[in-house]
Amino acid sequence: MFGFEVAVKWGIALSNRQNNFASKIRIFDTTLRDGEQTPGVSLTPEKKVLIAKRLDELGVDVIEAGFAAASEGEMEALKLIAKENLRAEVCSFARGVRSDIDAAIKCDVDSIFLVIPASDIHIEHKLRKSREEVLKIIGDCTEYAKDHGLIVEFGPEDATRSDIKFLKETIRVALSAGADRITPPDTVGVLTPERSYNFFSELKRDFPNVVFGVHCHDDFGLAVANTLAALRAGVEEAHVTVNGLGERAGNAALEEVVVALKLQYNVSTRVRTELLYDTSLLVSRLTGIPVQPNKAIVGENAFVHESGIHTHAILADPSTYEAIPPEIVGRVRRLVVGKHAGSHGIRAALEEMGLHPTEDQLKEIFQRVKALGDKGKRVTDADLKAIAESVMGIPSIQPIKLEELTVVTGDHVTPTASVRLNFNGKVLIEAATGVGPVDAAMNAIRKAILAIEPIRLDEYHVNAITGGTDAVVEVIVKLSKGDRIVTAMGVHEDIVMASVKAMISGMNLLVANNK
């Protein structure tokens with residue numbers, strides 16, 4: 001039996017002793033509402049539609065697409081998403097005021113997440129009302145929404161810091177008024193996994209026939225663990241965001257919750273896990289919030305191996321250092337080179353490029369890679385290829401050559417670039433615009449090459465090596481073509497030229513055939 005399967009079965013056997021998982025776990029995605037509350041994020045209606053359609057393809061059960069009463073743009077986005085006829089339930093956030101519910105009704109959404117404070121801290125300092133007034137608001141708003149045909153998911157805000165007796169009273173009032181689901185939010189992330197399990201176990205015991213959800217924030221870094229603990233207690237629905245986006249420290253990450261359920265607990269959801277990585281990339285690009293490299297599941301380094309000890313074992317049996325098969329989440333395994341690399345990993349990387357050095361040549365390449373790493377340099381795939389070609393005496397193959405680049409930019413001018421490339425003797429000429437000169441130049445190059453090679457720019461990083469306005473700039477790009485991923489670097493005093501050099505270097509690596 002494959003080592004990974006043994007580990008998973010052993011983990012399931014141990015963890016299932018105290019599990020009361022529901023027969024069906026619903027995934028409530030709040031990327032477009034709570035996730036958009038991430039500082040610096042503001043999505044246009046068009047971008048929200050793109051993300052909503054991807055979430056629907058991914059397989060989430062509910063999409064909280066925004067807060068209808070927040071702005072005209074929010075209302076427009078919700079209306080557009082509601083018209084898409086998605087499989088998922090489309091939901092709007094609403095406070096305990098009729099105008100919020102009316103705004104949701106105008107958008108023709110399926111449901112509302114009706115959030116009304118339940119803790120004394122919020123009741124006294126935010127609402128400035130009494131408990132009795134809060135109970136009346138809950139009943140009136142729930143009844144009003146139900147009378148207008150909406151599914152109501154009631155969220156007693158700051159539930160985990162509320163008086164438990166009063167919290168249960170808010171739930172009873174909401175249910176009596178017709179609420180369909182109850183989700184007590186851990187608004188400031190104060191739960192621990194033990195408290196989460198006990199908290200939701202008590203609610204499920206007192207309200208056995210009610211569908212509960214769990215909504216956790218990551219202030220203590222426990223959002224995913226607390227969500228899983230609640231689900232183990234019998235909660236039927238998990239509120240999550242792609243990449244763990246959200247205000248302050250963020251929310252429970254969709255990808256982590258879903259994969260943990262699938263592989264650690266053998267609990268399935270509707271989510272198509274093979275689409276998780278592409279969904280993460282889309283959300284990161286449209287929100288402008290990069291994913292930290294070492295983030296579980298979707299981080300750049302999640303399935304990357306450099307250490308010689310690790311790569312040697314990975315090549316023999318991937319389960320030695322991978323608890324998650326990368327293909328399950330739409331990823332591919334990558335071996336990279338650097339000061340910690342071993343000869344087995346370097347040979348494997350070179351063979352993927354079509355290079356087959358002798359043992360002596362491999363030793364020389366290995367030493368040069370180590371020396372470069374010891375100088376604090378990042379060794380890209382393009383660097384490795386150049387080192388290998390030098391050691392092996394192979395002429396450097398550059399199928400793509402830059403013959404001419406013109407960039408126009410200014411205060412009242414749309415940044416525009418025109419490029420002339422030579423691709424194996426064929427001249428390619430293209431022009432493109434962008435948000436700036438770098439974007440315009442990169443777009444022109446991609447436009448020229450895409451007609452022949454399906455190469456995608458996945459990541460772009462820039463660093464100033466020296467100080468001052470004339471600083472030398474280092475640009476690192478990650479490109480992909482199918483399942484193959486490469487990194488390349490460009491260094492120049494001009495950021496546009498550094499970017500172009502990196503782009504063309506990476507493209508040459510993907511299209512060159514040294515076999």
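Analyst: A crossing of two helices is called right-handed if the near helix is turned clockwise from the far one by less than a right angle, and left-handed if the turn is anticlockwise. By that rule, helix H14 passes helix H15 in a right-handed crossing. The model is a predicted one.

H14 covers residues 359–374 and H15 covers residues 381–392. Their axes lie 10 Å apart, and the angle between them is about 140°. An angle has to be over 145 degrees to count as roughly antiparallel, so H14 is classed as oblique to H15. On the H14 side, the contact is made by Gln-361, Glu-364, Ile-365, Arg-368, Val-369 and Leu-372. On the H15 side, the residues are Leu-384, Ile-387, Ala-388, Ser-390, Val-391 and Met-392. Sorted by class, the residues of this contact are 8 nonpolar, 2 polar and 2 charged.

Helix H8 (residues 193–206) and helix H9 (residues 223–232) have axes that come within 8 Å and cross at roughly 30°. Angles under 35 degrees count as roughly parallel, and H8 and H9 are therefore roughly parallel to each other. The crossing of H8 and H9 is right-handed. H8 contributes Pro-193, Ser-196, Tyr-197 and Phe-200 to the contact, while H9 contributes Ala-225, Asn-226, Ala-229, Ala-230 and Arg-232. This contact of H8 with H9 has 6 nonpolar, 2 polar and 1 charged residues.

Val-291 sits in the loop between helix H11 (276–287) and strand S10 (304–305). With a relative accessible area of 23%, Val-291 is partly exposed, because buried means under 20%. Leaving out residues up to four places away in sequence, Val-291 touches Asn-243, Ser-280, Ser-284, Val-298 and Gly-299.

Another loop residue, Thr-30, lies between strand S1 (26–29) and helix H2 (45–58). Thr-30 counts as buried because its relative accessibility is 0%. Beyond its neighbours up to four places away in sequence, Thr-30 touches Gly-35, Glu-64, His-215, Val-240, Thr-241 and Asn-251.

Two cysteines can be checked for a bond. A disulfide is a covalent bond between the sulfur atoms of two cysteines. Here the sulfur of Cys-91 is 12 Å from the closest cysteine sulfur, which is in Cys-107, so the pair is too far apart for a bond. The cut-off is 2.5 Å, and the count comes to 0 disulfides. Cys-91 is buried at 0% relative accessible area, and Cys-107 is buried at 1%.

Last, the chain as a whole. Its secondary structure comes to 17 helices and 17 strands. Of its 515 residues, 54% are buried. The C-alpha atoms fill a box of roughly 80 × 60 × 40 Å along the principal axes. Among contacts between residues at least 6 apart in sequence, 65% join residues at least 24 apart.

Technical notes:
Residues are numbered from 1 along each chain as its sequence is written. This is a predicted model: local features need pLDDT of at least 70, side-chain atom pairs count only at pLDDT 80 or more; totals for chains, interfaces and linings use all residues. Side-chain values use heavy atoms; hydrogens and water are left out. Buried means under 20% relative accessible area, exposed over 50%, partly exposed in between (1.4 Å probe, protein chains only). Axes are lines fitted to C-alpha atoms, for helices over the stretch in contact, and angles run from 0 to 180 degrees between N-to-C directions. Helices (H or I, at least four residues) and strands (E, at least two) are DSSP runs, numbered from the N terminus. Angles under 35 degrees count as roughly parallel, over 145 as roughly antiparallel, 65 to 115 as roughly perpendicular and the rest as oblique. Contact means heavy atoms within 4.5 Å. Ala, Val, Leu, Ile, Met, Phe, Trp, Tyr, Cys and Pro count as nonpolar, Asp, Glu, Lys and Arg as charged, and the others, Gly among them, as polar.
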